[in-house]
Amino acid sequence: TVFMPGAPPGAVDDDRTADTSSDTYILDYARWLGINLDKYPNLIWIAEYAMTAPLPPRWREFEDDSGQPYFQHLDTGQTQWENPLDDKCRAWCNNEVQIAEAEASIQALEEAIEQVKADGRRRCRHLQRQVGIAQREANAVAASLCSRRQTLSELQSAVRLLEDQLSVKSRSALKRGPGMRNHRPQ
C-alpha cells in the first residue's frame with residue numbers, strides 16, 4: 001500500500017508499491033500539497049521536507065484495520081487522516097509562492113525601470129543631436145547675418161563716401177558759379 005502523507009482516505013493506491021523517497025512519490029506529494037512544479041520547481045524542498053520531517057510533538061502515526069495510516073494527538077486524543085504537517089507545508093507553499101511572485105514583480109519593475117532609463121538615455125541623445133543641429137544652424141544664420149551686416153556696413157560706408165564726393169563736387173561747382181560748369185581748364 002502506498003500512502004501519501006496527508007492524502008485523504010481513499011487516496012491510497014493498493015495496487016502500487018513505491019519507495020517513499022522516490023522522485024515520483026515526491027513529485028506526486030508536491031502536487032498534492034498544491035505546488036505548481038511547472039511554475040515553481042524550486043519549491044520541491046517543501047515536499048521533501050514533509051516526507052522526512054518528524055511529526056510535531058505529541059503526535060503519533062497509526063494504521064487502521066485496513067492499513068490506512070492516520071494520526072493521533074496523544075494529549076487530546078484527536079485523530080485525523082491528514083498528516084499534521086500538511087497545513088504547515090501548504091502555508092509554506094503559499095508563503096514561498098507569494099515571495100516568488102513578489103520577487104518576479106520586483107524583477108519586472110526593475111526591468112521596466114531599466115527600459116525607461118534606456119529609452120530616456122536614447123531620447124536624451126536624440127535631443128542632444130537635435131540641439132547640436134539647431135546650434136549649428138543658428139551659428140550659420142548668425143554668421144550669415146554678420147556677413148550681411150558687414151556687407152551692409154561696407155555699402156553704407158561706400159554710400160557715405162559717394163555722398164561726400166558728390167557733396168565736394170557740388171560745392172566746388174557752386175563756387176565756380178553757374179557759367180563755369182562747362183568750362184574746362186586747358
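Trainee: Which residues touch the most other members in the largest nonpolar core?

Mentor: A nonpolar core is a set of buried Ala, Val, Leu, Ile, Met, Phe, Trp, Tyr and Cys residues joined through side-chain atoms within 4.5 Å, and buried means under 20% relative accessible area, exposed over 50%, partly exposed in between (1.4 Å probe, protein chains only). Here the core has 16 residues, and Ala30, Leu33, Ile35, Ile46, Ala47 and Cys89 touch the most other members. Helix H1 (23-33), helix H2 (44-52) and helix H3 (85-176) each give it two or more residues; helices (H or I, at least four residues) and strands (E, at least two) are DSSP runs, numbered from the N terminus.

Mentor: Keep in mind that this is a predicted model, where local features need pLDDT of at least 70, side-chain atom pairs count only at pLDDT 80 or more, and totals for chains, interfaces and linings use all residues. Residues are numbered from 1 along each chain as its sequence is written, and side-chain values use heavy atoms, leaving out hydrogens and water.

Trainee: How do I read the aromatic pair of Trp45 and Trp92?

Mentor: You describe a pair of aromatic rings by the distance of the centres and the angle of the planes. Rings of Phe, Tyr and Trp (its six-membered ring) pair if their centres lie within 6.5 Å; planes under 30 degrees apart count as stacked, over 60 as edge-to-face and the rest as tilted. Trp45 and Trp92 sit 5.8 Å centre to centre with 35 degrees between the planes, so they're tilted. Trp45 is in helix H2 and Trp92 in helix H3, 47 residues apart.

Trainee: Are Trp45 and Trp92 buried or partly exposed?

Mentor: Trp45 is partly exposed at 37% relative accessible area, and Trp92 is partly exposed too, at 23%.
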